[in-house]
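Here is a short briefing for a first look. Take the topics in order, with the view open beside the text.

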Amino acid sequence: MITEEKQHIDQKLVSILNQVFDPEIPVLSIIDMGVVRNAVIENDMVKVQITTTYSGCPAMDVIGDDIKKAMKEAGYESEIELILSPAWTTDWITPKGRKALENYGIAAPLEADADKEALLGNKKLVKCTNCGSMNTKLVSQFGSTACKALFKCNDCLEPFDYFKCLK
Amino acid sequence: MKTNLYKYILLIADNSLILGQRLGELCGHGPNLETDIACTNISLDLFGQTRSYYQYAAKLKGDNSTEDDVAFLRKEQDYLNVLLVEQPNTDFAYIMARQFLFDVYHLLFLNELQKSHDVTLSAIAVKSIKEVSYHQRFSSDWIKRLGDGTSESHQKTQNAINDLWTYTDELFHQTDADKKMIIEGIGVDVTKLKESYYKRVVEVLQEATLEVPESKWFQKGGKQGIHTEHLGFILSDLQYMQRTFPNMTW
């Protein structure tokens with residue numbers, strides 16, 4: 001079995017990594033998304049380990065390139081390593097990241113049990129990001145990207161995305 | 001090279017590749033927008049998993065092999081996927097029945113694979129379980145909806161289950177690579193998954209008011225590289241670019 005490894009990000013690199021965003025959710029920095037597991041400087045070389053969100057997420061290759069670019073602009077050469085373990089979970093999205101998602105129009109992930117009820121259409125637990133109503137319904141368990149489901153508000157009638165809980 | 005481990009990885013990964021390709025054929029052709037997006041999302045998850053497996057396989061193979069070589073440059077008989085996943089997208093009932101019959105197995109399999117002594121396989125399994133749980137929920141839901149739907153959807157789903165049933169037993173067939181990997185603590189003993197599999201499948205079929213097929217005659221061969229005629233057509237699509245423009249890259 002895999003043991004949880006501690007996240008370690010060099011303080012000097014945090015501000016640089018905070019400027020790199022998920023290309024598909026451009027308000028969420030990769031730090032707030034929780035995909036950066038380690039970032040250290042060794043002999044003038046920056047080594048960054050990122051973990052994939054969903055296995056097939058096409059954004060990961062772009063994120064790797066964007067980190068390299070940001071590091072270069074800050075004067076660092078860098079190596080990016082994509083790691084599989086520990087597997088990413090939506091719990092790693094920071095409170096700031098959750099807020100950014102909501103403001104962008106994507107409902108933040110619920111806890112695992114509530115998420116299951118919501119995605120089976122059993123209970124109304126997902127709040128409309130447009131008007132705040134809880135009177136919403138699931139339109140599709142799968143959405144515009146692997147990490148989202150599609151909902152619709154019964155009150156303001158706006159469709160919106162919900163970031164699925166992944167644990 | 002660790003031949004048995006390499007072969008064992010293909011036995012797992014080829015299922016995801018071929019099913020992913022089948023689902024990918026539906027891009028823009030699903031019965032409605034939501035199911036179209038769902039099938040291609042599932043396809044993307046499966047391709048992502050396949051990439052992780054093939055990257056590992058390519059590393060074992062050495063001589064500068066890449067994941068793309070493993071995916072695109074093998075002959076039909078070198079693919080080791082089960083016959084179930086290569087069956088065609090006859091209609092939406094077949095697509096969901098195939099998905100459901102595979103998802104139930106896939107989830108049981110990954111649950112065991114995460115205990116593997118091979119850290120890479122274990123890590124891929126831990127990651128994939130999260131995705132495959134969604135797949136299983138989706139396909140089980142559709143089997144119930146179609147089976148317990150109109151008389152037409154019921155009949156079509158029953159036909160699909162009856163036709164695909166013959167490919168289910170192969171999932172639990174042990175190959176030599178399986179046996180060697182089990183001894184090393186790396187592989188999963190699929191024979192032990194059979195009971196839980198049929199239990200879960202029967203539960204869903206009953207809830208869907210569908211009949212459980214009684215046929216005891218099963219098809220196998222995929223794990224030995226002996227496929228139905230459908231695989232050749234899939235590969236001619238899948239491998240087209242690499243065969244036409246050898247060594248092309250994006």
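A residue counts as buried if 20 or more other C-beta atoms lie within 10 Å of its own. By that rule, 42% of the 167 residues of chain A are buried. The model is predicted.

**Chain A overall**
- Chain A holds five helices and 10 strands.
- Its C-alpha trace spans about 55 × 35 × 25 Å along the principal axes.
- Take the contacts in chain A between residues at least 6 apart in sequence: 52% of them join residues at least 24 apart.

**Two domains in chain A**
- Domain 1 of chain A covers 8-89, and domain 2 covers 105-163.
- The C-alpha centres of these two domains of chain A lie 28 Å apart.
- Six residues from domain 1 of chain A and four residues from domain 2 of chain A make up the contact between them.
- On the domain 1 side, that contact has three nonpolar, two polar and one charged residues.

**A four-stranded sheet in chain A**
- Four strands of chain A form an open sheet in the order S1-S4-S5-S6.
- The pairing in this sheet is mixed.
- In general, strands of a sheet pair through backbone hydrogen bonds, either parallel or antiparallel.
- Strand S1 (8-9) and strand S6 (77-83) of chain A stand at the edges. Each has a single partner strand, so one side of each is left without a neighbour in the sheet.
- S1(A) pairs with strand S4 (residues 36-42) of chain A in the parallel sense, over two bridges.
- A:His8 has A:Asn38 of S4(A) as its bridge partner.
- Helix H3 (residues 59-73) of chain A packs on the sheet. H3 of chain A touches strand S5 (45-51) and S6 of chain A. The direction of H3 makes about 160 degrees with that of S6(A).

**Where chain B meets chain A**
- 20 residues of chain B are in contact with 17 residues of chain A.
- Which elements of chain B give two or more residues to the side that touches chain A? They are helix H2 (33-61) and helix H6 (119-147) of chain B.
- H2(B) gives the most to that side, with 10 residues.
- By class, the side of chain B that touches chain A has eight nonpolar, six polar and six charged residues.

Conventions:
Residues numbered from 1 in each chain as written. Chains lettered and ligands numbered in written order. Predicted model: local features only at pLDDT ≥ 70, side-chain atom pairs only at ≥ 80, totals over all residues. Buried ≥ 20, exposed ≤ 12 C-beta atoms within 10 Å, placed from the backbone. Contact = placed C-beta atoms within 7 Å. Nonpolar A, V, L, I, M, F, W, Y, C, P; charged D, E, K, R; others polar. Pairing = 2+ DSSP bridges. Axes fitted to C-alpha atoms, helices over the stretch in contact; angles between N-to-C directions. Domains from an automatic or database assignment.
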